[in-house]
Amino acid sequence: MEVRAKKALGQHFLTDLGIAQRIVDSLDPALCPAQDQAPSREGANRMPTLEIGPGMGVISQYLLEREDLDFRMIEIDTESVNYLLGHFPKAYGRILEGDFLKLKLDALYGSGPFCVIGNFPYNISSQIFFKILDYRSQVPQVVCMIQKEVAERIAEKPGTKTYGILSVLLQAWYDIEYLFTVGSGAFAPPPKVQSAVIRLRRNGRKDLGCDEALFKTVVKTAFGQRRKTLRNSLKPLVQAKAGREGWDTDALSAFLADPVWELRPERLGVEEFIALTVKLS
C-alpha cells in the first residue's frame, strides 16, 4: 500500500529511482567527517547524516545501503513512518517521527558535525534553510531537491532578479552548486513546477567580521523593498545610525555620499553587504 500524498505537508513523492541514486551519490563523504567515537560504538567512523522527509523511502533505500553513513531520518507523517517501517527493515531505530523545524538538533548530534539530505517539502524549504544556517558550524554539507525557482535563487550570483535574501545569507556561509534539474514526471503526484538538486558546501568563513544580527536585518530590509535604492530602503537604519552618532545634516550627507547608496540590493554580493553592515554599525 502506498502513502497518500498530503497537500498540507507539501508532499510530492519521488518515483524515479535513477534520480534518487544520483541524489545519494551527490553526498560527498570527504565533506563530512566521521564521528570521533570508539570503534566499538554503533555509528563510529561513519558520516552522521540526516534525511528530511523520507516519504516512501525512495532516497532512503540507497542511503540505508551506504556503510559509510550513520544514517537517520525525520518524518512528520505517521502514514509515511509506518510505510517505511513496513518496507525497510533497516529503517528500524533510524526514524524520528516529528517536525524537523522543531527538532532539537543539538540533542541529537551534540556539538558534532552532520550532513543533511532530502527531497525537501517545497512549502517549508526556506524555513529548513534558515534552520540549517543556525547550525552552520555543524553542517558541512547539504544535498537537497527543492523547487527549481528556489534552487536558482539560492545559487544565483549578484545582478539578477532572482538573487535575494536566501542567496546572500546562504552564500555567506556555503558554496552553492546547482547540480541538475528534475522534471515533474519524476514525482507522484507531479508538481506544477520543475525541481532541482543543489549541494551546499560549507566555506571557510569563521565569522562575518560584523554584527551578524544587523547583517541579517540589512539584507532582509534591503530586499524587502528591492525596487528601491539602498538609500531609500535602508533609510530607517541610516537614521538610527545618525541618531546614535549625533550627526548633523552635513555629517549625514557625507555618510550618504558613498555611491553604494544609489544601488539596488541585487547589485551587492556578500562582501558588499558585510561592508554595508559595518558602515551601519
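I began with Lys 279, which is partly exposed at a relative accessible area of 26%, and I kept in mind throughout that I am reading a predicted model. Next I looked for its partner and found Asp 258, which forms a salt bridge with Lys 279, the closest N and O atoms lying 3.5 Å apart. This pair links distant parts of the chain, because Asp 258 sits in the loop between α11 and α12 while Lys 279 belongs to helix α12, 21 residues apart. I noted Asp 258 as partly exposed too, because its relative accessibility of 28% falls between the limits of 20% and 50%.

I then turned to Arg 226 and Glu 266, whose side chains meet in a salt bridge at 3.9 Å, N to O. Here again distant parts of the chain are linked: Arg 226 is in the loop between α8 (212-224) and α9 (230-233), and Glu 266 is in the loop between α11 (249-255) and α12 (270-280), 40 residues apart. Is Glu 266 buried or exposed? I found that Glu 266 is buried, because its relative accessible area of 17% is under 20%, whereas Arg 226, at 26%, counts as partly exposed.

Glu 152 is partly exposed, at 31% relative accessibility.

Finally, I recorded that a search of the whole structure finds 14 salt bridges.

How values were computed
Residues numbered from 1 in each chain as written. Predicted model: local features only at pLDDT ≥ 70, side-chain atom pairs only at ≥ 80, totals over all residues. Heavy atoms only, no water. Salt bridge = Lys/Arg side-chain N within 4 Å of Asp/Glu carboxyl O. Buried < 20%, exposed > 50% of the residue type's maximum accessible area, 1.4 Å probe, protein only. Helix = DSSP H or I, 4+ residues; strand = E, 2+ residues; numbered from the N terminus.
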